Amino acid sequence: MFMKSVLRITVSAAVLALGGGMASAGNVEVLHWWTSGGEAAALNVLKDDLASKGVEWQDMPVAGGGGEAAMTALRARVTAGNAPTAVQMLGFDIRDWAAEGALANLDDVATSEGWDAVVPDALKAFSKYDGHWVAAPVNVHSTNWVWINKKALDAAGGKAPTNWDELIAVLDAMKANGITPLAHGGQAWQDATIFDAVVLSMGNDFYKASMIDLDENALGGDTMVEVFNRMAKLRSYVDDNFSGRDWNLASAMVINGEAGMQMMGDWAKGEFLRADQVPGKDFVCIRFPGTQGSVTFNSDQFAMFKVNDPEAQKAQKLMASAVMSPVFQSAFNVVKGSVPARTDVPNDAFDDCGKKGMADLAEANANGSLFGSMAHGHAVPASIKNAMYDVVTAHFNGEYDAKEAAAELVAAVADAK
Ligand code: GAL
């Protein structure tokens, strides 16, 4: 069923380039979930880059924010003995596939290009398995952002909130002004993205204890009960039609002024830029109130599956090398909303939110306040992540009160371990 719904298009840019007389440098079939306007614009930067190197691109998009549907489609392809050559992948999923022995070794290109010296350890924890490179990181996203319509903020007092009480005051003012205060899509990964930020706002130690170390006292204690109380409070600011809405449609509500703000990773910025909006003028980017100085990150990486055809292997290496080029990392991430995965890329081409993203990341990395995002596969393996999703979403939809939710979280994590 998935296979039927999957679109496969051979990209014309590569064909045109080849038609122009360039020898083919092989073909890569790329499975990804970058289908929104901003994501597709960023992907085009990559397609064009590869086309200029003679690499043909076979597109395998699987829509669905956060990549759950893409991972299901991937499993089906591998089970059928027909793995795509390159796959967009997050954190623990890369480790899981590497552990299965499914990923190609990229050590020779990584060594000749000196990746070790420029990729931060937090990313290498996922790009490398057993000391060998198995994926090329294309970016660093972070999830603890809020995207605010500037006009709506001005009408609500003009001051960006820096703590919970100020946030609630702004949301109340937006409600009084007759707009939807919080643009949100009721999908498990989106609920979990807000949850990540609320947990982080309770402190670095609490985030680490609950989301990474899975400490039962943190998962089920009073602070977690307060997290769920806050989630319920935030739920009271979404509109009636939030259920199932895609994240980019929620971004559009903020862009067109129908809603005041969205709590979402910085891929949302790609949507604002696509709509010709300018940071500081049309929209404002802030860290989720109470989390300035800390970052929950996720990194999109391209993992290469083992293939036998030497031509395909060559194309995989060309793609890995292209993804890691500093010029490409700047061009791509400026459009995507993320920041480079390399530490040596200048920030000149980035807008104010991008510059802030880069500075925040460096600061958090230096201070020990950089953590993998639970919602986006960088804190715990998918089995535990999915168990947390279920509880967070059931609570968001009113199935549990805050106390029950905290108790359910402890039980769900214990079962999934
Ligand atoms: C994230 C991914 C981003 C963006 C987002 C929404 O998991 O890292 O690149 O695609 O999902 O689809």
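**Pockets and helix packing in the predicted model**

Helix 19 supplies the largest share of the lining of the largest pocket, 4 residues. The model is predicted, so that local features need pLDDT of at least 70 and side-chain atom pairs count only at pLDDT 80 or more, while totals for chains, interfaces and linings use all residues. Residues are numbered from 1 along each chain as its sequence is written, and side-chain values use heavy atoms, with hydrogens and water left out.

The largest pocket holds about 260 Å³ of space. A pocket is here an open set of points on a 1 Å grid over the protein atoms alone, where a 1.4 Å probe fits, with protein on both sides within 12 Å along at least five of seven lines; lining residues have an atom within 4 Å of a point. Of the 16 lining residues, Pro340, Arg342, Thr343, Leu361 and Ala362 lie nearest the centre. Two or more residues each come from helix 8 (121-127) and helix 19 (352-367), helices being DSSP runs of H or I with at least four residues, numbered from the N terminus. The lining comprises 13 nonpolar, 2 polar and 1 charged residues (nonpolar: Ala, Val, Leu, Ile, Met, Phe, Trp, Tyr, Cys and Pro; charged: Asp, Glu, Lys and Arg; polar: the others, Gly among them).

The second largest pocket contains about 220 Å³ of space. Its lining has 13 residues, and Met71, Thr72, Asp93, Trp97 and Ala382 are the closest to its centre. Helix 4 (68-79), helix 5 (91-99) and helix 20 each give two or more residues to this lining, the largest share, 5 residues, being that of helix 4. By class, the lining divides into 4 nonpolar, 3 polar and 6 charged residues.

Helix 20 (residues 382-396) also packs with helix 21 (residues 402-416): their axes come within 9 Å and cross at roughly 160°. Axes are lines fitted to C-alpha atoms over the stretch in contact, and angles run from 0 to 180 degrees between N-to-C directions. The two helices are therefore roughly antiparallel (over 145 degrees). Ser383, Ile384, Ala387, Met388, Val391 and His395 of helix 20 make the contact (heavy atoms within 4.5 Å) with residues of helix 21 that include Glu408, Leu409 and Val413.

The axes of helix 11 (residues 188-200) and helix 12 (residues 204-212) lie 7 Å apart, at an angle of about 130°. Phe195, Asp196, Val199 and Leu200 of helix 11 meet Asn204, Phe206, Tyr207, Ser210 and Met211 of helix 12.

Terms used: Parallel < 35°, antiparallel > 145°, perpendicular 65-115°, else oblique. Points joined across faces, edges and corners; volume = space filled by probe spheres on them.
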